[in-house]
Amino acid sequence: MRTTAAGAESPIQQLDLETVSTRDLDRHAMAHDASHYLLVPQGVATPRNAADVGALLRRSRERGLPATFRSGGTSLSGQALSDSLLINTRQHFRGIEVLDGGARVRVQPGATVRSVNARLAAFGRKLGPDPASEIACTVGGVIANNSSGMACGTEFNTYRTLESMVLVLPSGTVIDTADADADRRLRELEPELHEGLLRLRRRVVGNDESVRIIRSLFSMKNTMGYGVNSFLDYERPVDILMHLMIGSEGTLGFVAEAVFRTVEVKPAVATGLLVFNSLDAATGALPDLVSTGLATIELMDAAALKVAQAAADAPAAIRTLPVQGHAALLVEHQGSDAAELSGKRAGSQPLFDSLDLATPFSLTSDPKDRTALWHVRKGLYTAVAGARPSGTNALLEDIVVPVPALADTCGELTRLFREHRYEESVIFGHAKDGNVHFMLNERFDDPAQAPALPGLHRRDGGPGPRRRRLAQSRARHRPHHGAVRPPPIRRRGSTASCRRSSG
Ligand SMILES: Cc1cc2nc3c(=O)[nH]c(=O)nc-3n(C[C@H](O)[C@H](O)[C@H](O)COP(=O)(O)OP(=O)(O)OC[C@H]3O[C@@H](n4cnc5c(N)ncnc54)[C@H](O)[C@@H]3O)c2cc1C
C-alpha cells in the first residue's frame, strides 16, 4: 500500500484501476531505460487495449498525474522513464497483420521492428525505419522517437512511410486517421484541438522566416522537437496531428495501431570498408561518395576503430592496422537484382580507385564477410560503451548537419574533446545523412573532473547554473500528457540535433 504521510490515498491509488501496480518489484524493474537516468515510477500500468489506455490517460489527467509510455525501453535520453505513472505498452500490443502481399503492414505498438520485418521477409519487404536496436525496440517507440538508422535517411522514415494510425488522445478520445470522416470526428470530439491546430498552421504558414527555417531543418535527418514540418506538408488537422505524433515522445497521445507502407528488401548487396589516413580525409570524401548512390555510408573514427579491431571477428582490413588518427567509412551498394548492383558498382569504382586509402579496398557480396563488416558497425555503440573506463557514464549525443559541413563539424568536435580533456571520446554514425553520434565518458562522482564541465558543478557540490538549466530543460521535456508546448523553432544555424537516436 502506498499512502501519503497523512494516511490518505496517493494519486496513483486514486486512479483506482486494476491495470496499475505499485509493487516494488514492478516499479524498480522499470526504473531504467538504455540511458544513464534512473527514475523509479510510483506505479506501473499494464493496459490490455486502447480503451484501458484511454481510461489511464483520462484519470491521470484529472488528477494532475504525469503519465509516460514505455515500450521496448531502449531510449537513450530517458524518454521511457517516469517518477510518476509509467504505462507499459510492450506487453499487450504485439499484433502484426501483413496487408496487400506485404506492400503494407498493420502493426500494434508493442511489436518489435525485428518481429515485423521477420513477418515481411517472406514477401521481400521490410519497414522503412531501420534503427540498430531493431531486435528490442518497438514500433511505438520508433514512431514516438522518430527513429531511423543506417539506410532509411529522410526518405524511408516513419514520416514518409506511415499511412494511418489509431491514436488515443489525453482525453481518452480514440481516432482512426484512416476513417474517411476522421477529420470531422476530431472536430466534433476535440473542437479546441482541431481549431488550435488550424490556428498554429496559419501562424507557421504565414511567416516566411518560419517556413524557411522549418524547410531547412527538416531537409536533414532532424528529430529535434516536434515535427513542425507537418504544418507545412498537411492541411487537415487530423493529418497534421498524425504527423506531429511522429517524434512526439508520447507527449501528444498514444499510438494504438499504425499502418505502414513497406519498402523492398534489396537482395543484391555489396559491402566494403574504406580506411582513410585521417578523419578529415574520410569526411572530405563524403560529398563525392554520397553522389554515387551508395545506400549506406557509416563513419567510424580512430577510437571506434580501435575498439572494433579488438573483436574476435574483426575484418582483415582493420585487424592489424596500427590505428593512429585513421577513420573508416563502411559503404554498401544495394540493388533489386544483380544487374542493378553491378551498374552501381561500376559507377562508383573510378571514385574508389581515386581515393588515397590506408588499406586495400574491395566490395564483397560474401555473406560471411559482409556480416563481419556489419558486426563492427552495428555492435559499435555497445562495444564502445562496454570498453569505457569503469565507473564512468557513457553520454551519447546525436547531431545532424548538411553533408558538406560534416568535415568541419567533426574537426571542431575533436578540438572540443581535446580542449575539455575528454580522452576516449568516439565519433561514429550515418555520414551519408550528415548524422553522427559522439560519446563522452563522464565520471559524475569525481570532483576532480568538474573543470571539464564548466558551470556544471559548484565548488560546494551544489548544482551550478549549467546543471540547473539542464535539470529545468529535462523537466520541461519529460513526457507529460496534457502539457502543450509551442512548436519549437529553436535552431538558427545549420546544425540540428537528433537527440534521441543512436546506433
Ligand atoms: C544499442 C542501441 C542502438 C540504437 N540505435 C538506434 C538507431 O540506429 N536509430 C535510432 O533512431 N535510435 C536508436 N536507438 C534508440 C532507441 O532504440 C530507438 O529510439 C527506439 O526506436 C526506441 O523504441 P522503444 O520501443 O525502445 O521505445 P521506448 O524507449 O520504450 O519509448 C520511446 C518513446 O516512445 C514513447 N512511446 C512508446 N510507445 C508509444 C506509443 N505506443 N504511443 C506513444 N508514445 C509511445 C515513450 O513514451 C518514449 O517517449 C538505439 C538504442 C540502443 C540502446
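**Notebook: sheets, a helix and some loops**

I started at a parallel pair: strand β2 (residues 43-45) and strand β4 (residues 85-88) are joined by 3 bridges. Helices (H or I, at least four residues) and strands (E, at least two) are DSSP runs, numbered from the N terminus. Two strands pair if DSSP finds at least two bridges between them. Inside this pair I found G43 opposite L85 in β4.

Before going on, I noted what I am looking at. It is a predicted model, where local features need pLDDT of at least 70 and side-chain atom pairs count only at pLDDT 80 or more, while totals for chains, interfaces and linings use all residues. Residue numbers run from 1 along each chain as its sequence is written.

**Confidence and overall make-up**

I checked pLDDT, the predictor's confidence in each residue, from 0 to 100. The chain averages 86, and 87% of the residues score at least 70. Residues 457-500 are another matter: pLDDT stays under 50 there, and the model has 73 contacts beyond four places in sequence for them. A contact here means that the C-beta atoms of two residues, placed from the backbone, lie within 7 Å.

I then looked up the totals. The chain has 20 helices and 18 strands. Of its 503 residues, 44% count as buried. For that word I use this rule: buried if 20 or more other C-beta atoms lie within 10 Å of a residue's own, exposed if 12 or fewer, partly exposed in between, with C-beta atoms placed from the backbone. Among contacts with a separation of 6 or more, 70% come from residues 24 or more positions apart.

Next I traced an open sheet of 5 strands, antiparallel in its pairing, in the order β5-β6-β10-β8-β9. Its edge strands are β5 (96-99) and β9 (174-176), each pairing on one side only. Neighbouring strands in this sheet are turned by 15° against each other on average, direction ignored. Axes are lines fitted to C-alpha atoms, for helices over the stretch in contact, and angles run from 0 to 180 degrees between N-to-C directions.

Strand β6 (residues 104-107) pairs with β10 in the antiparallel sense over 4 bridges, and V105 has F260 as its bridge partner in β10. Strand β8 (residues 162-168) also runs antiparallel to β10, through 6 bridges, with M165 opposite A258. Helix α3 (residues 50-62) lies across β8, β9 and β10, at about 55° to β8.

**Helix α17**

I ran a length check on α17 (residues 367-378). At 1.5 Å a residue, its 12 residues should span 16 Å, and the end C-alpha atoms are 15 Å apart, which agrees. The expected span is 1.5 Å times one less than the number of residues. I listed A372, L373, V376, R377 and K378 as buried in α17. The buried residues of α17 pack against β12 (268-276), β13 (296-300), α14 (302-309), β14 (327-335) and α18 (380-386).

**Loops and phi values**

Most residues other than glycine have a negative phi, and most peptide bonds are trans. So which way does phi go at D100? It is positive, near 50°. D100 sits in the loop between β5 and β6 and is exposed, with 11 other C-beta atoms within 10 Å.

N146 also gave me a positive phi, near 50°. Its loop runs between α5 (139-145) and α6 (158-161). Is N146 buried or exposed? N146 is buried, because 24 other C-beta atoms lie within 10 Å.

I looked up Y422 in the loop between α19 (406-419) and β16 (426-430). Y422 is buried, with 21 other C-beta atoms within 10 Å. L440 is 18 residues away from Y422 in sequence and 6.7 Å away in space, C-alpha to C-alpha.

My last entry is D446, in the loop between β17 (435-442) and α20 (465-477). D446 is exposed, since 11 other C-beta atoms lie within 10 Å. From D446 to T392 I noted 54 residues in sequence and 9.5 Å in space, C-alpha to C-alpha.
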